[in-house]
Amino acid sequence: MDLGEKIVLITGCSSGVGMHAAVQLAQQGARVYASMRNPAKAGALKALAGEAAVEVSVLTLDVQNNESVRAAVALVESEAGHIDVLINNAGFGSVRTLEQATPEQLSEIMDVNFFGVTRCIRAVLPGMRSRKSGRIVTVSSVGGLVGQPLNEIYCAAKFALEGLIESMATYMEPFFNIRMTLIEPAGIRTGFVGRVMADLQKEAAPLQEVYGPVLGAYIGQIQKHGAFESSAQTGAQVAEVIVHSLQDESSGLRTLTSPAAKAFVREKIQGDPDGSELQGRIRRDLLGVG
Ligand SMILES: NC(=O)c1ccc[n+]([C@@H]2O[C@H](COP(=O)([O-])OP(=O)(O)OC[C@H]3O[C@@H](n4cnc5c(N)ncnc54)[C@H](OP(=O)(O)O)[C@@H]3O)[C@@H](O)[C@H]2O)c1
């Protein structure tokens, strides 16, 4: 896809991957609508856009609020005419056991990371379907393919995303020319990890009480292997992968963003690294389209 003049809506642009993707896409000539739930946090994005000498439009979009999502999509469609690309990026991590999480915490993790994406996709689909054109990129995680200790609720939300996108991709592209893509990073050096650690600190006592040995073993292994420090990407690097995936019409359903991400999920992706073989077979067997 030539990104010049394409209308792009991104969620979660106050920091990290979303902020860098917004600026990099604008550098490619796209008309970028960089959304965030709290536009008072747009300072870092505006500074980065200023350094790159590009413009991005900031708008409010809280993925947890249907009305906010509908209003943001309506604003872009009325101002720009349509939306070519939706990038579902907003999300947050949580190290919390199922037993320890309150029902409200369980719901919030699912709501932001999974239902938030469903709200955004539902809002852009009517426009994309009627134009028979669109790209929907969803930032998942290696945690969408591989369950990890103490991350069960976050991984469940990302697994749900993978199921949603993998299923919709089977018919959206052949019937409506809407391509759906999953972006799967491993660790990224953004505020995400700090927020997870702060949350963990807050919840340390109940976690320690029962699951202390598991937490100790988990942190011990992470420190021993130095996995995060040595292989984590920057938000800008993951944003580059998103830009490239949009430009590359031959990219498959899923893109693992680094060698570390590929290595982490290797047993799950053997023989079909980008998911295109399986997509092809399901489209042929269940829909009769090639
Ligand atoms: N960092 C990692 O190690 C890692 C690894 C794999 C996948 N990912 C995924 O990568 C994506 C981007 O994360 P990041 O690393 O760039 O983290 P980040 O810097 O913390 O950015 C997350 C963004 O999501 C936004 N957000 C959270 N709840 C929201 C809501 N209800 N409505 C709208 N926006 C909301 C945050 O907004 P506020 O500033 O208002 O909170 C922030 O802009 C996420 O989907 C995450 O799951 C991250």
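# A chat about a predicted model

Reader: Hi! How much space lies in the largest cavity?

Author: About 30 Å³ of space lies in the largest cavity. A cavity here is a set of points, on a 1 Å grid over the protein atoms alone, where a 1.4 Å probe fits but cannot get out. Grid points are joined across faces, edges and corners, and the volume is the space filled by probe spheres set on the points.

Reader: Before we go on, what kind of model is this?

Author: This is a predicted model, where local features need pLDDT of at least 70 and side-chain atom pairs count only at pLDDT 80 or more, while totals for chains, interfaces and linings use all residues. Residues are numbered from 1 along each chain as its sequence is written, and side-chain values use heavy atoms, with hydrogens and water left out.

Reader: Thanks! How many cavities of 30 Å³ or more does the structure hold?

Author: The structure holds 1 cavity of 30 Å³ or more.

Reader: And which residues line the largest cavity?

Author: Its lining is made of Thr11, Val63, Asn88, Asn89, Ala90, Val112, Gly116, Val117 and Cys120. A lining residue has an atom within 4 Å of a point. Helix H4 gives the largest share of that lining, with 4 residues.

Reader: Let's look at H3. How far apart are its end C-alpha atoms?

Author: They are 21 Å apart, which agrees with the 21 Å that the 15 residues of H3 (residues 66-80) should span at 1.5 Å a residue. The expected span is 1.5 Å times one less than the number of residues.

Reader: Which residues of H3 are buried?

Author: Ser68, Val69, Ala72, Val73, Val76 and Ala80. Seen down the axis of H3, they fall within an arc of 130 degrees, so they line one face of the helix. The arc is that of the directions from the helix axis to the C-beta atoms. Buried means under 20% relative accessible area, exposed over 50%, and partly exposed in between (1.4 Å probe, protein chains only).

Reader: What do those buried residues of H3 pack against?

Author: They pack against strands S1 (7-10), S2 (31-36) and S3 (57-60), and against helix H4 (103-131). Contact means heavy atoms within 4.5 Å.

Reader: What caps the N-terminal end of H3?

Author: Asparagine 65 does, with a side-chain oxygen 2.9 Å from the backbone nitrogen of glutamate 67. A polar contact is a pair of N or O atoms within 3.5 Å; within protein, one must be able to donate a hydrogen and the other to accept it, and residues adjacent in sequence count only if both atoms are side-chain atoms. Just after H3, glycine 81 takes a positive phi of about 100 degrees.

Reader: Where does leucine 150 lie, and is it buried or exposed?

Author: Leucine 150 lies in the loop between strand S5 (134-139) and helix H5 (152-176), and at 5% relative accessibility it counts as buried. Glutamate 5 sits in the segment before S1 and, at 64%, counts as exposed.

Reader: New topic: how many residues of H1 are buried?

Author: H1 is mostly covered, with 10 of its 12 residues buried. What covers them includes S1, S2, helix H2 (43-51), strand S4 (85-88), strand S7 (188-189) and helix H9 (235-247). Among the buried ones is Gly16, which has 13% relative accessibility. Not counting residues up to four places away in sequence, glycine 16 touches Thr190 and Gly235.

Reader: Last one: where is isoleucine 183 found?

Author: Isoleucine 183 is found in strand S6 (residues 178-184), and it is buried, with a relative accessible area of 0%. Leaving aside neighbours within four places in sequence, its contacts include Val137, Val139, Val238 and Ile242. The C-alpha atoms of isoleucine 183 and valine 238 are separated by 8.7 Å, though the two are 55 residues apart along the chain.

Technical notes
Helices (H or I, at least four residues) and strands (E, at least two) are DSSP runs, numbered from the N terminus. On a 1 Å grid over the protein atoms alone, a cavity is a set of points where a 1.4 Å probe fits but cannot get out, and a pocket is an open set with protein on both sides within 12 Å along at least five of seven lines; lining residues have an atom within 4 Å of a point.
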